[in-house]
Amino acid sequence: MTTLAPPPSQEGTRRSHRAGPPADGGLNSRARRLFTGPEDDPRWARPALWAILLLATALYAWNLTSITGNTFYDAAVYSGTKSWKAFFFGALDSGSFITVDKPPFALWVMGLSARVFGYGTWQLMLPMVAAGTGSVALLYRSVKRDFGAVAGTISALVLTLTPITVAITRDTNPDPILVLLMMLGAVALLKAVRNGKLMPLVWSAVAIGFAFNTKMMQAYVVLPAFFLVYLWATNVSLGKRIRNLAVATVALIVSSAWWMVIVDLIPASSRPYIGGSTDNTVWDLVIGYNGFGRIFGASSSVGSQGNGASFGGSSGLYRMFNEIMGGQISWLIPFAAIALVAGLVLRGRAPRTDPERAALMLWGGWFVLHFLTFSLAEGTFHPYYVTAMAPGIAALAGAGGVLLYRAFREGAAAVGVPPVERSRDWGRAWVLPVAIAASSVWAVVLLQRVSGSGTVYTVAEIVVAVAGAASVLGLLVGRFTRRHRLMGFAALAAVVALLAGPAAYSVSAATSSTNGTNPTAGPSTGGGMGGGGGGMGGAPSGTKSGTKPSGSAPSGTRPSGSGSAPSSSSNSSTSTSTESGSESGAQQAGGGGMGGGTQVSSEMIAYLKKHQDGATWLLAVSTDQTASSIILESGQPVISMGGWSGSDNAMTLAKLKSLVKSGKLHYIIVSSDGGQGTNSAIATWVKAHGTAVKSSAYSTSSSTTTSTGSGLYRLDASDVS
């Protein structure tokens, strides 16, 4: 245990005494090193990494076929397997009427997997599990490169056991792909800082550009830290640093904007409507709905986002610690914050190009920028967004922890140290125990919030309290008595104390069903965790217009994985219906925007397929939630007239008439509950010219109820004047 965190000067003496590789450096040698690691690694390092990667894979892939995913994105992926046009645009339906409210890179990744292996649960989840495990491996390699194997191992383990990361990686939201791309950007940037070459910096920019095409402006949160670290720490002249940054900026712009430019240059009549936008352009989606609207909330100039309090709590610096968010991400925030400040102080006198300080600046900037952005954002906010903050916390826990332990061991009453230096070193000696104590106490607080939710959380609370106290006491006794072995065991106890709580939450996330639309880990602590909001979530009902509804999207049938189209008979409970007697084919279930809760029965879907009569679209409904559910159950394209919340101007009366006249659409559900249903002009015209389909035409149920607020209508070319 005495070699837990050696100083750089001992790096050459701490290596294991392995036999060198065969002189020919052949394939067998390279294959062996894949499992044993480089010759200068400690013997335990590579086996420990493999164990962590296996743990990560197990958590992310456990009971994989039971994962429901986000039906909003699942439907878009399915549509992309049926149409390359829908694939390219990220359209919700294979007829390409409207896109989802994100750029399509994550959909492309899942879609390619589905095209190769067939559409189904594990085919969609395979890229997500690979992305999550890949991020762990990248973080290990990056932190190990600058701080050693111990730091890399701790960082990888912390990221693996971050609860919200486990929850979101077991889902089909795009966030795991986003994190992996941002990690690739960080690793390439640190390489550029070390060698001063241009190409690693360019590749870093390209990775962030592809992250932009995964979740738009969220990918840019880390850019200030990237620019600052490169400009400050790279070992080339200032002029060359500025020139390289200028070239990388061009690469960033090109890799970010190419899809947006292509889409916006295509005439609107030849492509789907851009879901979430106010003017049918990707640019508006970038600066509004997925840009400033996320930060500043509802505004007519930047897109309406409402208030995300139902999903992550009220905005403010305490948001990451509240009852909703605390158990998802905040376990090691106290330790990471202390380690960041102390680590920068410890490296304060190092040269400008010091790689350890550069890495601390990068991961610290990653953490701080995400913390402030997510804490203060007034727009729509979901807990799973903060998985993007996890790599920064994990890297600081590993790298900062090793730096603090190194200072703790080396800085005490060394013989011959001047009194002033000895006083400073004794001050540093308290930092590590304080950091461990702070995070241990906070972990106990988090566990006390849910200790009544199950024995595992009570046990975890006891483990944290005992291991945390033992760690702090062991460190102090070991330091005063100079017993390095005791200090090593105390450091291991700290790892147990700080990860017991996150581990309990992570196992819960891996072994229990989660909300595919708003996944979280651990027991519910109240505050709107059941949530709605498909693409980026929603706001509670009753908020300003354009916000997303609070109800969950209907749970669409997940195909079995054979690659065949979803079957409407495979799950009759997919869309529960209470049709009305005379003209209803749908019902408004739950509050919120414009037909967001409309549901239809399997009987109705079977009727629609039987009477589709060559139409491109099976049906037109008000919102994405309803459309995605029907797409997954029927295997047919369905029009979402109003996007996620029902407020998009995707369908106009003129466009509807054109579709009906050309025979591309015959059926439409008109919904008007609460004055937030189908566009009034469309609803009026459909009711005046269409033929109401009575529920008796497709349903034999005797439990139907009467509703005049919504209905299924048939329209033919002869109905268009």
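## Rings, burial and contacts

Q: Where do F105 and W108 lie, buried or exposed?
A: Both F105 and W108 are buried. The model is predicted, and the word "buried" stands for a relative accessible area under 20%.

Q: What makes F105 and W108 an edge-to-face pair?
A: Two rings pair if their centres lie within 6.5 Å, and planes over 60 degrees apart count as edge-to-face. The ring centres of F105 and W108 are 6.3 Å apart and the planes stand at 70 degrees, so the pair is edge-to-face.

Q: Why are F105 and W108 separated by about one helical turn?
A: Both belong to helix α5, which covers residues 105-117, and they are 3 residues apart in it; therefore about one helical turn lies between them.

Q: Why is the pair of Y384 and Y385 called edge-to-face?
A: The centres of these two rings are 5.2 Å apart, and the limit for a pair is 6.5 Å. Their planes are at 85 degrees, so the pair is edge-to-face. Y384 and Y385 are both buried as well.

Q: How many aromatic pairs does this ring rule give?
A: The count comes to 25 aromatic pairs. Ring pairs also link residues into a cluster, whose members include W84, F105, W108 and W258.

Q: How do you know that the charged end of R115 sits over the ring of W84?
A: The rule asks for a distance within 6 Å of the ring centre and a position within 35 degrees of the ring normal. The charged end of R115 is 3.6 Å from the centre of the W84 ring and is listed as sitting over that ring. The charged end of R479 likewise sits over the ring of F408, 5.1 Å from its centre.

Q: Why is G501 called buried?
A: Its relative accessible area is 0%, and buried means under 20%, so G501 is buried. G501 lies in helix α22, residues 484-511.

Q: What is G501 in contact with, leaving aside its neighbours within four places in sequence?
A: G501 is in contact with W331, L447 and V464; contact means heavy atoms within 4.5 Å. G501 and L446 are 55 residues apart in sequence, with their C-alpha atoms 8.2 Å apart in space.

Q: What share of the protein is buried?
A: Buried residues make up 59% of the 721 residues. The secondary structure comes to 26 helices and 5 strands.

How values were computed
Residues numbered from 1 in each chain as written. Predicted model: local features only at pLDDT ≥ 70, side-chain atom pairs only at ≥ 80, totals over all residues. Heavy atoms only, no water. Phe/Tyr/Trp six-rings, centres within 6.5 Å; stacked < 30°, edge-to-face > 60°. Helix = DSSP H or I, 4+ residues; strand = E, 2+ residues; numbered from the N terminus. Buried < 20%, exposed > 50% of the residue type's maximum accessible area, 1.4 Å probe, protein only.
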